[in-house]
Structures are given as C-alpha cells and as structure tokens.
Amino acid sequence: MSNNIPSAMNIAEFYSARARIYPLATVSPLIYSRSLSELFSADIYLKCEQFQATGSFKIRGAANMIISALKKDEDKLRKYGVVTASTGNHGRAVSYVAKKLGIPATVYLSSLVPENKVRSIEQEGSRVVRIGNSQDDAMQGVKSAVAESGMIEIPPFDHPAIIAGQGTIAFELNEQLKDIDDIFCGLSGGGLLSGIGLAMKYLAGQTKIVGVSLSHGAAMWESLQAGKPVRVEETPSVADSLGGGIGTDNRWTLPAVKRVMDQHFQVSESDIAAALLLLFEKEKILVEGAAAVGLAALLQHHPDIRGRRIVLILSGNSISTCALPALRQRAASLHEVLP
C-alpha cells in the first residue's frame, strides 16, 4: 500500500481507526436501488451515511482524531478543548463527539454556512464563531485560536487521522459488496475521497474512484490542475458542504486525491437539484446536495456504466423539506428523469 498513500500513512492506521470509532459511528447500510439500476442499466447501490448520529460521514474522522488525541494528552484536551473550521457537517460531528467525551468545543464558520447547520452545531453545546466569507477565513480563525488559547485543532479533512476515519467506509463496503466497479464520491477538501480511495486501493485495487465536484468554486479540482493548493471564490450552492478551500498549506489530501482518483466530473446546480429530487421521488430518501452529486454526474454526463456495479456515497442529510419547492424550480432537467 505504500505506493498508493502519502508517506507517514499506512494501512495500520485505517485498521486502528476502524477499531476506535465504534460505537460513536455506526456501520451504515448499503441499499440496492432497483429504480436507479433500471434507469441506468447498471447495478447501483447507495451507501447511506446520512443515517449516522450526526447525519453525515464526518463523525468517522472526528471520532478517530479526538479519541486518538484524548489518549495522547487527556489533560490538555480536557483543559483547553478542541477547535475546528467547518462548512457545517464536520463542525456538528466534532461537537457531538466532544460532547459525548466531555470535552469543550469551538467551531468557526463562515457566513456561507446555512443557519440550519449553525443551529445543529449549537444544539450540541459547542461555541460557534462566525467569521469571514469563506472556509479559508474560518480556517485562519482556527489557526489564531490555537496559537492564542492552546486548543487542539481537529481539521475538517487534511490530517491522517481524519483520512483514516473516513476510510473506514471502504472496509464496510468491501464486506457488504464484492466486485465493485466504481465508487462515486463528492470531492471538496478531499478527506472522504482520500480515505475511501486509499483503503479501497488496498482492499480491492480494481475499483475505480470517481470524484464529483461543483461546477464553480471547486478548490480541490482547481488545485489538482494547478499542481498546488489554490484559493477559489466561494459561491452559494445547493451542495454547500462541497464548498470551501483546501488550505494553502495542504499536506495530505491533495497528494492523496491525485494518487487515487481515477475519474472526475463537475456538476451543475440544476443537475444536483434534479438528483436530490430523483432520490426523494424514487427512493424516498431525503439527503443534502453534496450527497447527491454522484447521481448528478450520471444524469449530466451520461458515463457508460451499463452492466457495472456502482456505489454512490450518500454523504449526509443536512437539508430541510422546506427546500423542496426551491429545488424543483432549480432542477431544469427534472422532466428528463422523473415521470
């Protein structure tokens, strides 16, 4: 596996993460979608991370890193607490894990984070700090807080413990379904895709890892093109969880994504909306925009997946039913995929 991962990471970290994160995280169900399989002439399965306690896969990485930090320096952790920057789901996961373990937590959020996500973090008992207009601004706020207060940072994606925690999804998939051809995964900071990709390349090297980004403000994709971390302008999106930068000092996820991602698509706002509604209408599953980008890629780009075994990662459920009317207005291609 050493040829497939950045130095200082090895498969043992993924196995350790798996032993560490349960029962804070749970084994999420893998559901066969008959309707989507018929629509695309493929075997399509849905990995339902929206059923985690915090509503997203982010609990895996947060639990792994916080529990690891607790074992290394419990006195410091309990005295100063943890701090993070987030587009929403990671902040909620950190808040939940910290609360369960009796550790104070502070979460920095930009002005682009929706109010429903802010409320979910506050309900877990964390202190919320609103700062700036981008994920990069929030991350800079965390750096200042760490330097001034002694709090321990729990990064949203760019850390081996976070990557290994997210990679536990691959171990579950490998036990739930053999001979997977393609895994479609949302791509933002890269923690989810890195973790799944690195572990899956070890467990089942033939499986293709497909990343899906927003059509605008895709920091990881732009950074891959540039060969270095770059800043991008963040704009509001149906898939707000996929917004934000990757950090100008990114060390882990940029090289990991470069090594493991086999294919990449960018998707429009209307196709994300159409995918959300298709999941709701056909599968009675309500997820957030970032969770539907894999399906959006199938709708928009029509890759030839006939006869293939496909897994779509449904990453989270931070959405309100109040959003459905607006989604119908934005889904310009809806008539093509819904009766």
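Which helices each supply at least two residues of the lining of the largest cavity? They are α5 (89-101) and α9 (191-203), with helices taken as DSSP runs of H or I of at least four residues, strands as runs of E of at least two, and both numbered from the N terminus.

## Basis of the model

This is a predicted model, in which local features need pLDDT of at least 70 and side-chain atom pairs count only at pLDDT 80 or more, whereas totals for chains, interfaces and linings use all residues. Residues are numbered from 1 along each chain as its sequence is written, and side-chain values use heavy atoms, with hydrogens and water left out.

## Domains

The domain assignment of the protein chain, whose bounds come from an automatic or database assignment, gives domain 1 (11-56 + 159-333) and domain 2 (82-150). Their C-alpha centres lie 22 Å apart, and 19 residues of domain 1 are in contact (heavy atoms within 4.5 Å) with 18 residues of domain 2.

## Cavities

A search of the whole structure finds two cavities of 30 Å³ or more. On a 1 Å grid over the protein atoms alone, a cavity is a set of points where a 1.4 Å probe fits but cannot get out, and lining residues have an atom within 4 Å of a point; grid points are joined across faces, edges and corners, and a volume is the space filled by probe spheres set on the points.

The largest cavity holds about 300 Å³ of space and is lined by 26 residues, among which Phe57, Lys58, Ser188, Ser241 and Leu242 lie nearest its centre. The largest share of this lining, three residues, comes from α9. Nine of the lining residues are nonpolar, 15 polar and two charged, where Ala, Val, Leu, Ile, Met, Phe, Trp, Tyr, Cys and Pro count as nonpolar, Asp, Glu, Lys and Arg as charged, and the others, Gly among them, as polar. Because domain 1 and domain 2 both give residues to the lining, the largest cavity lies between them. The second largest cavity, with a volume of about 30 Å³, is lined by Leu214, His216, Gly217, Glu233, Glu234, Thr235, Gly243 and Gly244, which divide into one nonpolar, five polar and two charged residues.

## The largest pocket

A pocket, by contrast, is an open set of points with protein on both sides within 12 Å along at least five of seven lines. The largest pocket has a volume of about 320 Å³, and of its 15 lining residues Ser68, Ala69, Lys72, His159 and Ala161 lie nearest its centre. Two or more residues come from each of α1 (11-21), α3 (58-72), β6 (152-153) and α8 (160-176), with α3 giving the most, five residues. The lining comprises six nonpolar, four polar and five charged residues.

Asn89, Gly91, Arg92, Ser95 and Lys99 of α5 meet Lys117, Ser120, Ile121 and Gln123 of α6.

Helices α10 (residues 219-226) and α11 (residues 253-260) pack at about 80 degrees with their axes 10 Å apart, which makes α10 roughly perpendicular to α11. Met220, Ser223 and Leu224 of α10 make the contact with Thr253, Leu254, Val257 and Lys258 of α11.

Terms used:
Axes fitted to C-alpha atoms, helices over the stretch in contact; angles between N-to-C directions. Parallel < 35°, antiparallel > 145°, perpendicular 65-115°, else oblique.
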